[in-house]
Amino acid sequence: MNNDFSDEEKSGLYKAIFSRRDVRSHFTSKPIDEKILSQILHAAHHAPSVGFSQPWNFILIKDYEIRKKIKESFETEKMHSSKLVEEPRRTKYLSFKLEGILDSPLNICVTYDPSKFGPFVIGRSSIPETGLYSVCCAVQNLWLAARSEGVGVGWVSILSNNILKNLLELPEHVVPVAYLCLGYVSEFATKPDLESSGWLSRLKLQDVVYYEKWNQKENSSWNTIKELIKTNLDYA
Ligand SMILES: Cc1cc2nc3c(=O)[nH]c(=O)nc-3n(C[C@H](O)[C@H](O)[C@H](O)COP(=O)(O)O)c2cc1C
């Protein structure tokens, strides 16, 4: 296999990255073609994982009754979390649509099973969180592959993990990492919803890159990249 990507292949990859959105609305009722779903799951399953432990499982959920109960957990948790924020942001927060559990035709719970290929997993002994990081890599693969297929994905974390575990009958040691809502959408927004609504803005890349040490923004051996990253890449 040629190691290089053609310009067309590269632009396809960057298009998926820059146009991926967290989607909570505009789902259509069109079911996800199962061949496409299998392709998206294959992409997720090809993520990197610490010690090649592949610690993920993907629970595919269509059942309306289960989703309804998960939606109830969302409502409860959203109300709880709203108490952590002062007015007027509280009202604004409560007005946001932050899930598509029942609007989307498919939900997927991506879980972490630390016991897979364990207890010794190469690379996990010093930093146990690497298991969870691996599952997040799978989620990102899934998210990008879905975007390239025109399938929207929304991650719902305003949920009780205990309720999720009970409803989905997860063993005690298995952790729900991501609860995802998937479906075709009539549109992908060009910006994050939380940006369009004025909640937060995207930070400048130049403000999050340091040179050699924490918080070091000046270093003469990095001048070229320092200039280059000032240009905002606005894909849309
Ligand atoms: C770990 C994680 C948890 C998230 N939880 C939620 C959530 O509960 N509800 C929601 O609407 N969006 C959730 N999001 C989506 C983020 O709000 C979204 O990624 C961010 O605003 C940037 O927008 P974009 O994904 O469209 O670029 C979550 C994203 C991540 C990575």
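**Domains, sheet and ligand shell of a predicted model**

The centres of domain 1 and domain 2, taken over C-alpha atoms, are separated by 31 Å. In the protein chain, domain 1 covers residues 15-187 and domain 2 covers 202-236, with bounds that come from an automatic or database domain assignment. The model is predicted: local features need pLDDT of at least 70, side-chain atom pairs count only at pLDDT 80 or more, and totals for chains, interfaces and linings use all residues. Residues are numbered from 1 along each chain as its sequence is written.

Along its principal axes, the set of C-alpha atoms of the protein chain fills a box of roughly 60 × 50 × 35 Å. Of the 236 residues in the protein chain, 23% are buried (20 or more other C-beta atoms within 10 Å of the residue's own, with C-beta atoms placed from the backbone). The secondary structure comprises 9 helices and 4 strands; these are DSSP runs, helices being H or I of at least four residues and strands E of at least two, numbered from the N terminus. Their pattern along the sequence is α-α-β-α-α-β-α-β-α-β-α-α-α. Among contacts between residues at least 6 apart in sequence, 84% join residues at least 24 apart, a contact being a pair of residues whose C-beta atoms, placed from the backbone, lie within 7 Å.

The 4 strands of the open sheet stand in the order β1-β2-β4-β3, with antiparallel pairing; two strands pair if DSSP finds at least two bridges between them. At the edges are β1 (56-61) and β3, each of which pairs on one side only. Neighbouring strands of this sheet are turned against each other by 25° on average, direction ignored. Between β1 and β2 (residues 106-112), the antiparallel pairing extends over 6 bridges, and F58 has V110 in β2 as its bridge partner. Helix α5 (residues 130-148) packs on the sheet and touches β1, β2, β3 and β4 (175-184), its direction making about 155° with that of β2. For such angles, which run from 0 to 180 degrees between N-to-C directions, axes are lines fitted to C-alpha atoms, for helices over the stretch in contact.

The residues around the ligand are R21, D22, R24, L98, E99, G154, W155, V156, S157, I158, P192 and L194, where a residue is near a molecule if its C-beta atom, placed from the backbone, lies within 6 Å of it. By class, the shell divides into 6 nonpolar, 2 polar and 4 charged residues. Here Ala, Val, Leu, Ile, Met, Phe, Trp, Tyr, Cys and Pro count as nonpolar, Asp, Glu, Lys and Arg as charged, and the others, Gly among them, as polar.

Key: Two residues are in contact if their C-beta atoms, placed from the backbone, lie within 7 Å. A residue is buried if 20 or more other C-beta atoms lie within 10 Å of its own, exposed if 12 or fewer, and partly exposed in between; C-beta atoms are placed from the backbone.
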